[in-house]
Amino acid sequence: MASHSDTLVVFFGATAGANGGKLGSDEREIILLVWQIVDLHEKKVGKLHRCLVKPDTLELTDQCKEETGLTLDDIVKAEPLDKVLQQFQQSVSSEVKCLGRSSCTLCVNSPLIIRQALHPEASKKNLVLPECFFSFVDVRKEFHKCCPNAGPMEKLTLTSICILLIFYVMNAPFNHIYHKFSCVETVKYKFDSGTCSKTEPVDSETVIRARGLPWQSSDQDIARFFKGLNIAKGGVALCLNAQGRRNGEALVRFINSEHRDLALERHKHHMGSRYIEVYKATGEEFLKIAGGTSNEVAQFLSKENQVIIRMRGLPFTATPQEVLSFLGPESPVTDGSEGLLFVKYPDGRPTGDAFVLFSCEEYAQNALKKHKQILGKRYIELFRSTAAEVQQVLNRYMSTPLISTLPPSPIVPVPVLATPPFLPAASSTRDCVRLRGLPYTAGIEDILEFMGEHTVDIKPHGVHMVLNQQGRPSGDAFIQMKSPDKAFMVAQKCHKKTMKDRYVEVFQCSTEEMSIVLMGGTLNRSGLSPPPCKLPCLSPPTAYAAFPTPPAILSEAALYQPPLLAAPRPPQTTTHSPAHTLAYYPPQPHLYMNMNMNYTAYYPSPPVSPSTVSYFAAPPGAVAAAVAAQPHHAAAAAAAATPVLPQPGALVRMQGLPYNTGVKDILSFFQGYQLQPDAVLILYNFSGQCSGEALVTFPSEEIARRAVAERSNHPFYGQQVHLVFCN
């Protein structure tokens, strides 16, 4: 349809649920379509067409019955939506042709019927809409733009629109035969993939977060969920977890705030059998996920209209030619090896991931049929990907620290259970309350609303959401009040009040009890259980507390964040050179910021900390220098309490291990090389899962080099591993 035409099609619709300003927000189907032709040149109106539509679910709300005057008996015998749309197309084409015109303009009193009802329903039912529904005029906006001094139009009926349009034309200047609409809105036919730079400005009023997506969802699937709303180019960013796998969330950027607001109305609409949660997000969050600075990635994604497939689990020795042969001639890669992007660590080692470009959907479908087929001795996973995921994966791996690049120095453990930035010192004062049984969807705003008049008594940064080890809400929260009396009043007034159809228990507690739970401990009717870590209490022992943190060590340690060691070697009593001394540093607030912990900006929400100890490398002699800088009695206490590691010998790093690898498996692999049980150290990530790497200490450099040479070509339980001599 043309945007400037003297033939208009005035269009109305209603759903089986909410109508008016909330039309389409409850995901109900269309039950009524009304249209009428308006000839502006002759100042006439055509026949009024009113067609009932039979929904798949035969149910009408009371509001719908009241506003439309329809009953179930009226729509039972109606035609389905696809038949009514065909009737609309034939009727409009016939009338326009009878008027001797070749084009017409679709006019609506609100974009909701087009964007929030017609397009989403047609997408779910796989219906092809007539072209006229991709370009339309909102009469309200047009009228207010032409007549800015006019009052608000609460309700526009089809008849009033026709009269309004004709009246405007009759009073138009003589040389202005018909009005040229300036507020023509469009609906994108398809989502355009693309890249986003970290320096690109992103308006926070245009971004949402979708949660609960099926893990196999692609950017096109998400765009289809938001069909009718215009997503910015490259505006879908799938989020990944710590293991590089999709976590069921995505950030979506729309072309303006109006479309973002309409997207928020689709909260808990369904994608297949799953409902999707939709929340506001910020531009910073979007750039963190979708933004990239790599020229290699920009060049790889510069080819537009390409389908991206991600390959995971490739052998580390796989070459481009082997990958092309694996995909086969039925799924040719765009530009051959130029259409392959291997993901590597900063030192050039392969990660086993790669991205592939295909020029059409057919080739991509053929490639997906190779899912879990064998390449070399490993099965390969293939699934759809997006430009934002390419950026995210490359950013993640390129920022991974390298153990092999660390200076040869002692290993200094720092407790991961560092104090959060806004968490006060432990105290027995009962000026806190604990909320238990919160809905998992509850946010800070919900808690503040739940607190009601007591919100003014909350300390700044005093709301703490307790998250589980997956970073999800646990249903608990702690709130710091201004005094014990205020905490007591909250516990009395808010206990077992409801929040989103669930009653919430509210208990008064102390800052010490709150701190222990936030640090990974438990709080129940039986009392307190401290965090499961090496330290017997929250505060370090006296010997450790007297051992302050040298700023030079922390500043350098902050540069390196290796994986967590789930089972660090037990300290030995034997004494060696001071270069291998271990020192426990007391928790420091800024360390919490380096632990990849997420929290809300104003009301911090620290997750449950891992119950392990993280290790940073300290410069040679730093520990001894720190001890020497202390008062005599403190240094003596620190030296007496400080354990030491045995002589490390020669170190070999294993890469590409199966995720279920145990110490016995590695000892069996190196049988005959004089290894002790404590010579194997398996590396774990911040989620407590095996990272696929391990460190093995051999008695001497000669034995270590011989083991690397002899065992490099041997499969580890059917899987090829990479051995690196580190000394």
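**A sheet and its surroundings**

Guide: The protein has 23 helices and 31 strands, and the model is a predicted one. Of its 727 residues, 50% count as buried. Carbon and sulfur atoms hold 53% of the accessible surface, which comes to about 34,300 Å². Among the contacts with a separation of 6 or more, 75% are between residues 24 or more positions apart.

The part to look at closely is an open sheet of five strands, in the order S9-S10-S8-S12-S11 and with antiparallel pairing. Its edges are strand S9, residues 231-240, and strand S11, residues 269-271, each of which pairs on one side only. On average, neighbouring strands in this sheet are turned by 35° against each other, if direction is ignored. Strands of a sheet pair through backbone hydrogen bonds, in either a parallel or an antiparallel way.

S9 and strand S10 (residues 246-254) form an antiparallel pair over five bridges.

With strand S20 (residues 432-436), S24 pairs over five bridges, and Arg434 stands opposite Phe507 in S24. With strand S23 (residues 497-499), S24 pairs in the antiparallel sense over three bridges, and Lys497 has Val504 in S24 as its bridge partner. S23 and S24 form a hairpin with two residues between the strands, where Lys500 takes a positive phi near 55°.

For a helix seen from the side of its burial, turn to H5, residues 139-146, where Val139, Glu142 and Phe143 are buried. These residues lie on the same side of H5, because the arc they cover around the axis is only 95°. At the start of H5, a side-chain oxygen of Asp138 comes to within 3.2 Å of the backbone nitrogen of Arg140.

Two loop residues complete the surroundings. Thr661 sits between strand S28 (650-655) and helix H22 (663-669). Its relative accessible area is 7%, so Thr661 is buried, the cut-off being under 20%. The side chain of Thr661 reaches the backbone oxygen of Pro658 at 2.7 Å. If residues up to four places away in sequence are not counted, Thr661 touches Ile666, Ile682 and Phe716.

Cys360 is in the loop between strand S16 (350-358) and helix H12 (361-368). At 26% relative accessibility, Cys360 counts as partly exposed. The C-alpha atom of Cys360 is separated by 6.7 Å from that of Gln306, and these two residues are 54 residues apart along the chain.

Note on methods. Residues are numbered from 1 along each chain as its sequence is written. This is a predicted model: local features need pLDDT of at least 70, side-chain atom pairs count only at pLDDT 80 or more; totals for chains, interfaces and linings use all residues. Side-chain values use heavy atoms; hydrogens and water are left out. Buried means under 20% relative accessible area, exposed over 50%, partly exposed in between (1.4 Å probe, protein chains only). Helices (H or I, at least four residues) and strands (E, at least two) are DSSP runs, numbered from the N terminus. The arc is that of the directions from the helix axis to the C-beta atoms. A polar contact is a pair of N or O atoms within 3.5 Å; within protein, one must be able to donate a hydrogen and the other to accept it, and residues adjacent in sequence count only if both atoms are side-chain atoms. Two strands pair if DSSP finds at least two bridges between them. Axes are lines fitted to C-alpha atoms, for helices over the stretch in contact, and angles run from 0 to 180 degrees between N-to-C directions. Contact means heavy atoms within 4.5 Å. Accessible areas come from the Shrake-Rupley method with a 1.4 Å probe; for residues, only the protein chains shown count as cover.
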